[in-house]
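Keep the viewer open as you read.

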Amino acid sequence: MLGDYSLGDLGAIFAMQGFAGLILFSVYVLMALGLAIIFGQMGVINMAHGEFMILGAYVTYFCSEFFQAQLPSLFPAYFFVAMALAFVASGALGMLVEWTLIKRLYKRPLDTLLATWGLSLILQQTYRSVFGPREVGVVLPDWLLGSLPVTDVIEVPINGVFVMCLTTLITVTVALLMYKSRWGQQVRAVVQNRVMAGAVGIDTEKVDRLTFGLGCGIAGVAGSAFTMIGSTGPTSGQLYIVDTFLIVVFGGATSLLGTIASAFSISQTQSTLEFFLSGSMAKVITLLTVVAILMLRPQGLFTLKVRR
Amino acid sequence: MSRDDKTGFHSPLRRKLLMGMAAAPFAGMMPKTAFAQTPATAAVNTTGLAVTDTEVTVGILHSATGTMAISETGSIQAEKLAIAQINEMGGVLGRKIKFIQEDGASDWPTFAEKAKKLLVQDKVAAIMGCWTSASRKAVLPVIEQYNGMLYYPTFYEGLEQSKNVIYTGQEATQQILESINWVVKEKGAKTFYFIGSDYIWPRTSNKIARKHIENHLTGTKVVGEEYFPLGHTQFNSVINKLKLTKPDVIFTDVVGGSNVAFYKQLKAAGINLEKQTLITISVTEDEIDGIGGDNIAGAYSCMKYFQSLDNPNNKEFVAAFKKMWGEKTVIGDVTQAAYLGPWIWKMTVEKAGSFDVDKIAVASEGIEFTKAPEGYVKVHANHHLWSKTRIGLAQKDGQFKVVYESPELIEPNPFPKGYQ
């Protein structure tokens, strides 16, 4: 396995694989963060998470088209506008969905699974009818393409670095919001005891709506960022949903730190195994490991200690 | 989804006119007698198919919804265009073609169910349909049991032959062997790295490619073979492996959303396809729409048809297609193969002088379609097509520049000896 490579090669392998793992880690965190907020804080199983991501991707596509046609001079910067709009669009749709659908189901959390699954089908068909069944190609500004050569073997993809920075930024923001702000306090209070939180004067409906909107908005940003590395089509969201749930469940649903730890362990295992085995085998072994650990620790890696 | 959704602002009248104009160039190709005679229904239909004195019904069975809608939309469009053109010319044996469209919904049991509905309830004379091998495998027993006729457009792995199916796409040996010979000869390639999605078509195709490289060519070898689950979106690890192994040729058959992710990440990782030879058997103009021309420019694709083919048949076909479905639509290999289906069926019916499936199955051998957009094709006794193989170089604008064309028609060989 390692015998075919020289010592210099091995150094390069570790450097490149380490970096590949870090990129995968950032991608996973970005994917899972929105779901972790919704699932972890509200107990809603949002099967339409992927479709909220793809809405962000479509917004990015239309931004790129618009800037190319109308404002070519600002094209290099369009990606930031697109991400902001993606956040707003997915967040707004999220709040609408919460208001019309989810809020009627807080007492029946398992039914949210069915309802949001239906929602995901509806959204997919809507995208297909409105934007067409074919995949669209998002044109990226030049500065996001290509790679930074470190040595002649080691090259660092620029979009990977971009995703890493973006993930760090969003994670830190979310952590601050959740654990340092007044709103975060209210969210956590509602999670722990909805009736009591209402009794002390917290507008639980508003908190729920904003939390759901925030989760969906982050999904939109993730979808926008993933136009750099993946496809944009009506059903592309399905590509991410399994991995996303895996990370959130494995990390322990109620803990943000757990999500990060789980994304890290899964991405590193996956990317290392992929190098030494074939892609399909790597996936099988990763999944088996996760299943084995969840059998021993059904609550996931990290859990908040709360009295139930 | 109805036809009007796709065409946007075209009014029905205008579209009809355009379609008529589009079909006009084809009007000269058939013998004049085809217009004059309308043989009695009892004579041309002895098995109770949906044939009346003025109409014949066929089925279109593709996924208009679900994951596969991305790919199958083109096939549906091509089949509807062919049917419209045939009707403009007077139809088949004096009867207009009416189609019933069913949605396979990217779900294989649904395909089988809908095929049964088309055959048993609607009594269609033929079905144009299926795309993935999985859907075809699901439909095959139904078609054989109820003795229907299926025209299947996709290039596929071979190892199948049926009295009740005409395969208008290429089987694996037609597509692969020529491309490997070409890359060895033109690029002096010695080492190959295979990357594919993990299901039957890439695995069978790569097996054929590997046998050819190892047993039929000298001094060439396969240095890596990798498969990824369908829908896989992260290729950084395998790209690192490519950088270390430095193969002369990357040979890929990745499909669906993974395809887009693979090329985007390859480009981001600094692999320049102008310098690194990459040859794919799974990218047509349809896929480039999603991948983006910038990300794949410089790669070679091996297909029997490219939209840019420079011949009069193709120019007419492309113009007609764009008039019917919009200026921005692109036409890939399978779309063209789907277009052949209704035409070959029409010619077979006219040769047999009957809509009966048993007679069509026998009459199919030797049917020649001289006006095919890909050029001349002919139906082989094994119900596959004799066709040429071409290699296209992907351009930034999403089209291919044809750099090679096999000098002769390649014989279809769905059960290749020594390649299994």
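In which strand of chain B is B:Thr252 found? Look at β8, residues 249-253 of chain B, and you have the strand that holds B:Thr252. Keep in mind as you zoom in that this is a predicted model.

Is B:Thr252 buried or exposed? Count the other C-beta atoms within 10 Å and you get 26, and since 20 or more is enough to count as buried, B:Thr252 is buried. Another pair to click on is B:Thr252 and B:Tyr193, which sit 59 residues apart in sequence but 8.2 Å apart in space, C-alpha to C-alpha.

Staying in chain B, move on to helix α10, residues 236-245. Of its 10 residues, 8 are buried, so this helix is largely enclosed by the rest of the structure. The buried set is B:Asn236, B:Ser237, B:Val238, B:Ile239, B:Asn240, B:Lys241, B:Leu242 and B:Lys243. After α10(B) comes B:Lys246, with a positive phi near 45 degrees.

That brings up backbone angles. Most residues other than glycine have a negative phi. B:Leu93 isn't a glycine, yet its phi is positive, about 50 degrees. You'll find B:Leu93 in the loop between α5 and β2 (96-103) of chain B. With 22 C-beta neighbours inside 10 Å, B:Leu93 counts as buried. B:Cys130 is another non-glycine with a positive phi, this one near 70 degrees. The loop that carries B:Cys130 runs between β3 (127-129) and α7 (133-145) of chain B. B:Cys130 has 31 C-beta neighbours inside 10 Å and so counts as buried too.

The contact between the chains takes 42 residues from chain A and 37 residues from chain B. On the chain A side, the elements that give two or more residues are α1 (7-42), α4 (109-131), β1 (147-149), β2 (155-157), α5 (158-180), α10 (256-276) and α11 (279-296). Which element gives the most to the side of chain A that touches chain B? That would be α1(A), with 7 residues. Sort this side of chain A by class and you get 18 nonpolar, 17 polar and 7 charged residues.

For chain A, an unreviewed UniProt entry lists "transmembrane region" for several stretches, including residues 77-97 and 212-233. How do those two look in the model? Residues 77-97 of chain A are 95% helix and 0% strand, with the end C-alpha atoms 31 Å apart. Residues 212-233 of chain A come out at 68% helix and 0% strand, and there the end C-alpha atoms are 24 Å apart.

Let's finish with a helix pair in chain A. Helix α6 (residues 182-192) and helix α8 (residues 204-226) of chain A pack at an angle of about 105 degrees, with their axes 10 Å apart. Angles of 65 to 115 degrees count as roughly perpendicular, and α6(A) and α8(A) are therefore roughly perpendicular to each other. Where they meet, A:Gln186, A:Val187 and A:Val190 come from α6(A), while A:Thr204, A:Val207, A:Asp208 and A:Thr211 come from α8(A). By class, the residues of this contact of α6(A) with α8(A) are 3 nonpolar, 3 polar and 1 charged. Helix α8 of chain A also holds A:Leu210, which counts as partly exposed with its 19 C-beta neighbours inside 10 Å.

Technical notes
Residues are numbered from 1 along each chain as its sequence is written. Chains are lettered from A and ligands numbered from 1 in the order in which they are written. This is a predicted model: local features need pLDDT of at least 70, side-chain atom pairs count only at pLDDT 80 or more; totals for chains, interfaces and linings use all residues. UniProt positions are given in the numbering used here, feature names are shortened, and annotations may be inferred rather than shown by experiment. Helices (H or I, at least four residues) and strands (E, at least two) are DSSP runs, numbered from the N terminus. Two residues are in contact if their C-beta atoms, placed from the backbone, lie within 7 Å. Ala, Val, Leu, Ile, Met, Phe, Trp, Tyr, Cys and Pro count as nonpolar, Asp, Glu, Lys and Arg as charged, and the others, Gly among them, as polar. A residue is buried if 20 or more other C-beta atoms lie within 10 Å of its own, exposed if 12 or fewer, and partly exposed in between; C-beta atoms are placed from the backbone. Axes are lines fitted to C-alpha atoms, for helices over the stretch in contact, and angles run from 0 to 180 degrees between N-to-C directions. Angles under 35 degrees count as roughly parallel, over 145 as roughly antiparallel, 65 to 115 as roughly perpendicular and the rest as oblique.
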